[in-house]
Structure formats: C-alpha cells, structure tokens
Amino acid sequence: MKSNVWLRLLLATVTLAGVDTLATHAQQMPRTDVVEVPAIGEGLCVSNVFQSNMVLQRDKPIHVWGWAEPGEQVTVTFAGEQATAMAGKDRAWKVTLPAVSANSKPQPMTVKGNNTSIALDNILIGDVWVLGGQSNMEFPLANVENGSLEIISANFPEIRILSVPHDKGPELKPGFARLHQWSDWSGRHYRKGDWDVCTPGTVRELSAIGYVFARRVHKAANVPIGVIDASRGGSTVETWTPLPVLRAMDSEPTRAKLAKWDADIASWDPQQDLENRIASHLAYVERMSKEGKPIPNNRKEKPSDLRPGPIGNHNHPGHCYAGMIAPIAGLSVKGAIFHQGYNNAFDGSAGADLYGDIFPEMIKAWRTAFGDPEMPFGILSLCTDGNPQTRDDYCEKMFNAGIEIRAAQYQTFLDFYNAGDKNIGFVSTYDLRRRWYHPQLKIPAGERIARWALATQYGFDKQVEWKPPMLLGMESRNGALLLKLDTDVSDPEDGAIEGFAIAGKDRRFHPADVAYAEKGKNDRGQVQYDRKQLVLTSPMVTEPIHFRYAWGRNPLANLQATGNKDLPFATQRSDNWRMEEVPLGVLGDEVTLPLSRGDQNKIIQALREQDKERRLKEAEQVIEANGGT
C-alpha cells in the first residue's frame, strides 16, 4: 500500500525537459523512502502542516487549507468558531478562523466534508517560529556539545516540533509529505513532516539552535511554542528566495547568476549525459577486468537513468523556497530565525555582492509568504571555519569570502534597523569557535537569538539585552583612527582588545593596537578613559583610512559590550574594497573575476609577506627594547 502511494505521488509531479521527476528522486535518494502520508491525499484532506499535536499562532487569523472533491463544501471548527469554504475545480479549499489568545489547554479541530470528517486533537495556541538556513541551523541536537544533557531534560509538553522534508522547485509545492527521508550526509533515514510533542525521544533530530531557542522563549514567555524547521544543508541564499523576486531585481550579480543557470539548463542534454556515463562505466569495467580486480556490486550495472541536470539542483535559484517554504506559506506565524551563508562563500567577493543584494529581498519575501510585512526576523551570522586566525597569519587569514558574507549579513541587519524596522534581529556566532565548519557550540547560539526575541517580542527588554555594540562614527586623527560606539566595550577577560585591522591607501591591512580615548583627568590627576571610543594605531600603517573588525573566517577578535552581556561587536568594515584587490596592485590594474588558482596564490603570498614583514619589525622592536640583545 505504501509503495503504491509513493508511486502515485512521484508520477503526479511535473516532468521537466523530458526528464521524469522519478529519475530526479532516484538520483538524490539512493535508497527507497517510506512515505507515510502523501503531500495531497485523496478525497477530503488537510495540508500536512495541520496535524494533531501542533501549535497554532495566537492573536492572528487562523488560516486552514486542504483539498476535497471539486465543489465539496468543507467546514472547519476550532475553539468555538467555524468557517466554511467550497473546494474549487483544483480540489483546493481554504478557510480563515478568527484570532484567539494563547491557550495551553489541548483543543480539537474538526474538518467536515459532505460525507467524511477529519479530527485533529491536542492542538495548542501559542507562538510559531520558522527555522531557516542550511546545515548549521539543521544541525541536530544529538550532535552538539552538551546535546545529551539537553535531550534528557527535554520534557516540554507545550513545545511542539516539526521538520519540513527536503524538497525543491521549480514549481511551488502546495504541500509536503510525511515520511522517513533518506540523508546521504548521515547515511540514515530521518522522520520528517510530523508534528511532535517535545520529549527526549522526539527532540534528538531537531535543530539544536531551534530547540534551545524554543526552550528559552517558552520558559520565559510561558506560552506554548511551535518550531517549524525548514532548513537544508548546503543551500544558498538565492535558493531560499522566490524566483520571480530574483528575476525582478535590479542587481547585476543576481542577473549574472540567473543567466548562468539559464544557460546551463539550455545546454543540458540528458541523453548525451547518459551516453557519457555509459562510456565511462564501460571503460571502468574494462580496466578492472584487465587488472583482475572485482567490480563492486553497486557499480556492476550500466547507467540507464536520465538525469535532470541543473534544474534538479536544490540550489537552483528559488528551489528551496518553492519546495520548503511555499508548502507552509499562508500559515500564521510569530517570526523566523535564519542561519546560513557557507555555500555563498564559494564565489569570492562576487558571492558576497550577490548575498548583499539578495538577502534583504529574501527577508521581505518570507514576510510576504507568511502574510506579515513586519514579521520578526532574526539573523545569526555565518559561523566559523578553519584554524583560528593568529597574529602570525593575520593578513593571510583575511583572504576569505566567508568573512564578506558575514559582513553582508550584519549590513543587511543595519539597513533594516536604521530604516526603523523594530522586528529585525542580529547575533554574531564567530566567537563560538571550533575548527570544523559545523562548530558544535550551538547551545550558546540558540541562547543569543532567544535573547533578541525575548527582548523585542516578549517584553523582556529591561531584563535582557540583545543588540550588539554599534559604530556611531569614525574619524582620522594624527595617524590613528578614532571609532565612536554606542556603548562601553572591552575584552571580557580584561586583556588587550584584539580583532581590528587598519590600512592606508595601499590597502595593506595590519592588526591594530587598540586603546581607549582619553577624556581628561579626575581631581587626583589620574587619566580618565572613554570606553565608548577606541583609538586604532599600527606602526605599519602611518596614515590609516579604513578599518576592518573580526576579519577572519575563524577570527582573532574579542570585543564585546562591557559587563556580563555576551554581545560581540559584529564583523564589519569601513571600506568597500574587493578581497581580490587587497592589497593594492598584486594583480596589476585589471583584476579578472573569478580569480584563477594562480592569482589566488599570488594574493595569499603577498599577504604572507605582509605578516612576515610585520613580525620581523615587531621582533626588532623587542630586541631594541631589551638593549639590543
């Protein structure tokens, strides 16, 4: 029975460029998925976003939708209210019930058609938050540091959790299936598409950041919380943005990205691809036979499937939006939190330019999808990757596009915030460092974004702070840069402030020495310092004009708001120089993007020489300070 449902679901999907979606799925899912409930059932049914055990959003109209026989009248009853709609020719129906207040008492919902009815139970009224991004948002609680402690403590009957199955466009998906979905990354099936009560048994596979966020918000606000995890590993910002939005953008990087995808799709020949793979297979078999080596079972069969090519890539612009956001669009929610950026860093500064253009439009599109132009949206900056930056390799480690992605995320926040958006949030994660690109310090990241939500959405602004220290201005002064901030800042360990670099017109950045600006003397003649003003200097930069902060993928940076606040100063810069043109002149006057491997190596070597030059000068200064010995 299950296999029949599965086949019907696959065969009902759209065929693109002569390539059946069954081949697409076979390529992506090497093992059979067990489908429990299809995205659209036969007869009367509701969207799978509506289930027993769910949380519905308080204080907003309750939209409920599904499918029935054409012309069938459907009545939905919930919380003492009911609404009726008639199914259209496409079988779709939708009703809207009045907004209700938060309620932790389980309530039933009934959906009645002409001859059948559906009963959902154990539904709570509270706040629903959407979790978006890629693998660092998706990263499960069971895999993080202290995750096991969180799991055994996760007895929260008023927190409900849902993970949306991975799907993609190009067409907007009207719903999602409830299934056990195979993960190539983990080599196992994950249960996706079911609303669950939060227990130690159900929470293991949930986003660690999402769980910690939900736990904190629930316990502080004392209302039921639902989290919908709609994240997918290895995804880009453009795939989370509706394709029509992207095509309407006045953005050269976006136009170039779309043109590249369009050209790749137009040139894709599935039959030629199959013939090439067959030829490669036959050559492999012949070589193995000549060498007397056995052929593995999984490579004995000659390829026979037609692959979809670029249109089957989940990172095709708009695809993750179409496959994972569109099925839940229209649902009333409280807000969203988003943690992504790794895959956009592969394209150098062009990828960062693209990110800066698209990310604001993505946020607006999500707000539109959930029917709230002021929907709270919290940004978690791109996390760390690679070995930590040190003073020995400081300049070399500045050459990484992931840093520019992180800066673009903060700039997006600033643009919304400075325009008066009171529902935009931002937290840094660069100091939650581990060498792997999936740093397992997720619990503090969830705590930080929860602070933003509690302070801005739940009335706890007097008890908790969330906003990072913000730059108010910069000026050049006697061979130094003076930065003015909106709050007192310091190293939380009361040591030297690290993380700033300054450069002159030659674009040769060096780590800066940082001191507080003097503001006068007290009545005892002691110098007083202004901890809201920083003076940046370097013996290597006599006339600085720009600064960068936390400019490493795993940066040497420690500046925070003073006090026990855990509010890092965000990755940012005052210049707009491309990473491929820093330092100035390494590649001549004309720089062609994307850089060749050889040109990348030239820049890295120049940065290494900067580090070497600075360290030699520092060593000379130490020798001189010790009398030349």
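Tutor: Gladly, and one definition comes first: a residue is buried under 20% relative accessible area, exposed over 50%, and partly exposed in between (1.4 Å probe, protein chains only). The model is predicted, so local features need pLDDT of at least 70 and side-chain atom pairs count only at pLDDT 80 or more, while totals for chains, interfaces and linings use all residues. Residues are numbered from 1 along each chain as its sequence is written, and side-chain values use heavy atoms, with hydrogens and water left out.

Student: Is Arg 578 buried, exposed or partly exposed?

Tutor: We compare the relative accessibility with the two cut-offs. Arg 578 has 30%. Because that value falls between the limits, Arg 578 counts as partly exposed.

Student: Which side chain does Arg 578 meet in a salt bridge?

Tutor: A salt bridge needs a side-chain nitrogen of Lys or Arg within 4 Å of a carboxyl oxygen of Asp or Glu. Here the N to O distance is 3.3 Å. The side chain that Arg 578 meets is that of Asp 353.

Student: How many residues apart in sequence are the parts that Arg 578 and Asp 353 tie together?

Tutor: Helices (H or I, at least four residues) and strands (E, at least two) are DSSP runs, numbered from the N terminus. Arg 578 lies in the loop between β27 (572–573) and α13 (597–625), whereas Asp 353 sits in helix α10. Asp 353 is itself partly exposed, with a relative accessible area of 31%. The pair therefore ties together parts whose separation in sequence is 225 residues.

Student: Which domains does the assignment of the chain give?

Tutor: The bounds come from an automatic or database domain assignment. Domain 1 is written in two segments, 124–254 + 314–467. The other range, 471–626, is domain 2, so the assignment, with bounds of that origin, gives domain 1 and domain 2.

Student: How many residues does the contact take from domain 1 and from domain 2?

Tutor: The C-alpha centres of the two domains lie 30 Å apart. Contact means heavy atoms within 4.5 Å. By that rule domain 1 gives 44 residues, and the number from domain 2 is 45.

Student: About how much area do domain 1 and domain 2 bury between them?

Tutor: Buried area is the accessible area (1.4 Å probe) that two parts lose on being put together, summed over both. In domain 1, Arg 391, Tyr 394 and Phe 399 lose the most area to domain 2, together 22% of what that side buries. Carbon and sulfur atoms carry 50% of the total, which is about 3900 Å².

Student: How many salt bridges are there between domain 1 and domain 2?

Tutor: The structure as a whole holds 46 salt bridges. Between domain 1 and domain 2, the count is 10.

Student: Which helix gives the most to the side of domain 1 that touches domain 2?

Tutor: Three helices, α10 (348–369), α11 (401–418) and α12 (443–457), each supply at least two residues of that side. With seven residues, the one that gives the most is α11.

Student: By how many Å are the C-alpha atoms of Val 489 and Arg 531 separated?

Tutor: Val 489 is found in strand β20 (residues 489–490) and is buried, with a relative accessible area of 0%. Beyond four places in sequence, Val 489 touches residues including Tyr 516, Arg 531 and Leu 559. Val 489 and Arg 531 are 42 residues apart along the chain, and their C-alpha separation is 5.9 Å.
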